[in-house]
Amino acid sequence: MSRARDFADLAGSADAGGLTGRNLIINGAMQVAQRGDATGKTSGAYYASDRFQTSLVSIGTWSIENVSDAPAGFSNSHKLTCTAVTGTLSAGDYAFCRHKVEAQNLQQLDYGASGAKAFTISFYVKSNKTGNASLEINQQDTSPVRAVALQYTINAANTWEYKEITVAGDTSGVINNDNGVGFEIFWWLRSGSTYTGGSHQTAWYERSNSDRNASNLDVGSSANDYWAVTGVQLEVGSVGTDFDHSESYGETLAKCQRYFFQVREGSGEFTQFAHGRFYSTSAGNALVRFPQAMRANPTLTALGATGDYDFSPTNLPQAGQVTTTANTAGSTSDVIAMAVGNNFSSVTSGAMYILGGNAGTGGNAGLQFDAEL
């Protein structure tokens, strides 16, 4: 799809929303992929590219990957591939890619006021499937949820295509000024009958399930079906502009780490995760300082098994445990107090230690802190 005006013509215009910093999507170029790829998945929610979540419910077996296939001007894309087909779909089954935008980042849209602003969403898409597909945007702060159920078309198989859709402002909408979900953006791949059979709704309305995937692209009805996306941009105004490449990788990474951060052991090497102190003869706490203040109190996941961790200089055979409870000082703290198990024996209360990965176990240790919307 061609743009209405050349990017240079928009300099200083209200439609451009400013030439830099105008993209309200984080990691739209799919540069950051902290978690790594996920393969062999049948149900659940997975991230390969940061901030872009793939959700599956009993709809085949999938690989979710950050890949180097991309259109000119980009290096990466977010790719979903169905590696094995499921049997007959149940009504509530689905597969979609989703991006959530934090509410306080959308205040310039002025929803709920007479001057509510239009926005334009654009992206590059590629699939072996052709035909009409569904793009849905929800306002989660309204009750009941308000939505637009949009359509875009993939014209040529296995070809990167640019898509651009403008949505009018919602004078009846609600986007709270907080750290919750403002917009949820869904690219539907396939679904059961609960989400099909309706029609597209280009104006904001009370969401109806049957409209959400009115144009079912049906990615996943055959093995090796795939869908990929990159260059996702959401900007204020009724004209789409060229993707904003002004943000460095480091700036994008920092934004992503507000929602997810991890430290991992490299294969075959000892990695220090945190410094700690035993507060009794059987337990201790270690502190991890985040590179960015996180959006909210994160959930801590300790990767691997108990024996993957090393508590130096004690080097205890039982190696302690890393619990999955994270306690922060404040709702958006940059310091986390991490509880470290209760199966030490006869350590010295008050003694300091280093929490790290046990290199002899093959690099399985790691700590993940999740504050995703």
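What is the mean pLDDT of the protein, and what share of its residues reach 70 or more? The mean is 86, and 83% of the residues reach 70 or more; pLDDT is the predictor's confidence in each residue, from 0 to 100.

This is a predicted model, in which local features need pLDDT of at least 70 and side-chain atom pairs count only at pLDDT 80 or more, while totals for chains, interfaces and linings use all residues. Residues are numbered from 1 along each chain as its sequence is written, and side-chain values use heavy atoms, with hydrogens and water left out.

**Stop 1: the whole chain.** Show the cartoon. The secondary structure comes to one helix and 22 strands; helices (H or I, at least four residues) and strands (E, at least two) are DSSP runs, numbered from the N terminus. Of the 373 residues, 51% count as buried, where buried means under 20% relative accessible area, exposed over 50%, and partly exposed in between (1.4 Å probe, protein chains only). Among contacts (heavy atoms within 4.5 Å) with a separation of 6 or more, 75% join residues 24 or more positions apart.

Stop 2: Then select residues 323–332, where pLDDT stays under 50 and the model has 28 contacts beyond four places in sequence. Where pLDDT is low, the predicted coordinates should not be read in detail.

**Stop 3: His78.** Select His78 in strand β5 (residues 77–84). Is His78 buried or exposed? His78 is buried, because its relative accessible area is 0%. Show its side chain, which makes polar contacts with the side chains of Ser49 (3.0 Å) and Thr54 (3.4 Å). A polar contact is a pair of N or O atoms within 3.5 Å; within protein, one must be able to donate a hydrogen and the other to accept it, and residues adjacent in sequence count only if both atoms are side-chain atoms. Leaving aside neighbours within four places in sequence, the residues in contact with His78 include Met30, Phe52, Cys97 and Trp227.

**Stop 4: Ala223.** Move to the loop between β12 (201–206) and β13 (226–236), which holds Ala223. Ala223 is partly exposed, with a relative accessible area of 42%. Not counting residues up to four places away in sequence, Ala223 touches Cys82, Thr83 and Val85.

**Stop 5: Ala274.** Select strand β15 (residues 272–278), then Ala274 within that strand. Ala274 is buried, with a relative accessible area of 5%. Beyond four places in sequence, its contacts are Ala286, Leu287, Val288, Tyr353, Ile354 and Leu355.

**Stop 6: the largest pocket.** Select Gln31, Phe243, Asp244, Glu247 and Thr252, which lie nearest the centre of the largest pocket among its 21 lining residues. The lining divides into five nonpolar, twelve polar and four charged residues. Ala, Val, Leu, Ile, Met, Phe, Trp, Tyr, Cys and Pro count as nonpolar, Asp, Glu, Lys and Arg as charged, and the others, Gly among them, as polar. On a 1 Å grid over the protein atoms alone, a pocket is an open set of points with protein on both sides within 12 Å along at least five of seven lines, and lining residues have an atom within 4 Å of a point.

Technical notes: 1 Å grid on protein atoms, 1.4 Å probe; cavity = no way out; pocket = protein on both sides within 12 Å on 5 of 7 lines; lining within 4 Å.
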